[in-house]
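User: Can you walk me through this one? I have a few quick questions.
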Amino acid sequence: MNTMDVLVQSIANFAAESGFMRLNFGYIVMIVIACVLLYLAIAKGFEPLLLVPIAFGILLVNLPGIGIKDEGGLMYYLSLGKDLGIYPPLIFIGVGAMTDFGPLIANPKSLLLGAAAQIGIFVAFLGALLIGFTPEQAAAIGIIGGADGPTSIYTATKLAPELLGAIAVAAYSYMALVPVIQPPVMRMLTSKENRMIKMEQLRPVSSTEKIVFPIIVTISVTLLLPSAGTLVGMLMFGNLLKEVKSTSRLAEVASNGLMSTITILLGLSVGTSTSADKFLTVETLGILCLGLFAFVIGTGTGVVFGNIMCNMTGKKVNPLIGAAGVSAVPMAARVVQKVGQQENPSNFLLMHAMGPNVAGVIGSAIAAGVMLSIYS
């Protein structure tokens with residue numbers, strides 16, 4: 001074989017190994033989806049800390065030939081933290097260390113709003129059963145309605161690992177799209193007069209109350225529902241680190257270094273679980289539709305219960321805060337603040353909305369515990 005033949009053969013071999021030669025319609029669709037999500041995260045600011053790692057993971061796993069998820073590849077090992085249910089509880093430590101439970105302690109009635117918003121979980125569960133998913137799969141899908149990504153992933157790893165990619169992407173996508181999805185539902189279910197209601201300032205909460213609260217919640221929830229103990233316990237542990245002055249350094253690590261690291265690893269792991277052959281299915285479409293429906297229902301039931309509280313208290317509660325009962329912290333509370341100020345520029349609802357928002361985090365973890373105790 002002469003030099004020219006060798007050169008031609010080398011070029012042919014190179015071309016055959018190129019990813020361009022392996023592209024198919026599925027890969028192209030997923031690459032487009034990844035680019036759209038990156039655009040929403042970067043250009044539109046839709047929760048870039050979540051969407052950028054997820055979208056880039058989707059991009060990586062759908063570039064043919066890279067082998068990033070193959071056994072021995074980078075994401076093969078990093079994804080074990082997701083598949084084994086390790087990352088979500090660690091995320092909860094960071095969430096707890098970043099969250100002020102003061103508004104919930106100051107206004108315990110917020111727990112009712114957080115509970116009401118979890119109805120979306122059970123609506124999605126029933127819907128999934130009706131369209132043919134198994135009870136275990138339906139339970140995992142239902143948690144999407146709480147708009148809680150880590151809890152959705154944790155539940156899916158235990159009950160329906162085969163649906164993990166679709167469930168995780170749906171949960172985190174709807175979390176990122178809270179500013180788009182919630183406002184129309186909030187306006188549809190409230191009057192302009194009620195949206196303008198200004199609420200009284202919350203009472204001050206002592207440091208002792210803030211320290212005792214996570215301990216009591218951990219004990220009571222875990223004794224009542226052991227299957228929820230891991231998530232609720234890690235959430236409360238992170239919050240305890242925040243409230244105890246002598247552990248402020250640990251709280252700083254949990255809310256910054258640990259939270260950022262696990263968010264990157266979890267986001268990439270979620271993204272790389274969405275290869276075209278597993279993601280582009282009828283099941284995935286059903287999960288995405290059920291998740292959106294459940295999230296809308298959860299927002300709606302929270303607002304409806306907010307209207308009930310508004311009427312029962314003589315217009316002292318702005319019903320918008322019910323929308324924060326989903327557990328997208330603090331995004332849902334910020335949306336309540338924004339919508340309230342659009343109606344009344346002097347209205348400050350953020351701290352009032354944080355009560356049901358934090359209650360929603362606890363509520364979704366408890367709902368997941370209920371599902372796990374029944375179906376695991």
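Analyst: What follows covers the overall fold, then two sites.
This is a predicted model, where local features need pLDDT of at least 70, side-chain atom pairs count only at pLDDT 80 or more, and totals for chains, interfaces and linings use all residues. Residues are numbered from 1 along each chain as its sequence is written, and side-chain values use heavy atoms, with hydrogens and water left out.

User: How many helices and strands does the protein chain have?
Analyst: There are 21 helices and 0 strands, as DSSP runs numbered from the N terminus (helices: H or I, at least four residues; strands: E, at least two).

User: Where is Thr190?
Analyst: Thr190 sits in the loop between helix H13 (178–188) and helix H14 (192–195).

User: Buried or exposed, that Thr190?
Analyst: Thr190 is buried, its relative accessible area being 10%. Buried means under 20%, exposed over 50%, partly exposed in between, with a 1.4 Å probe and protein chains only.

User: What does Thr190 contact, leaving aside neighbours within four places in sequence?
Analyst: Arg195, Val303, Asn307, Pro319 and Leu320, where contact means heavy atoms within 4.5 Å.

User: And which backbone oxygen does the Thr190 side chain reach?
Analyst: That of Met186, at 2.6 Å.

User: Changing topic: where is Leu84, and how exposed?
Analyst: Leu84 is in the loop between helix H5 (80–83) and helix H6 (87–98). Leu84 counts as exposed because its relative accessible area is 54%.

Terms used. Polar contact = N/O pair within 3.5 Å; in protein donor to acceptor, adjacent residues only side chain to side chain.
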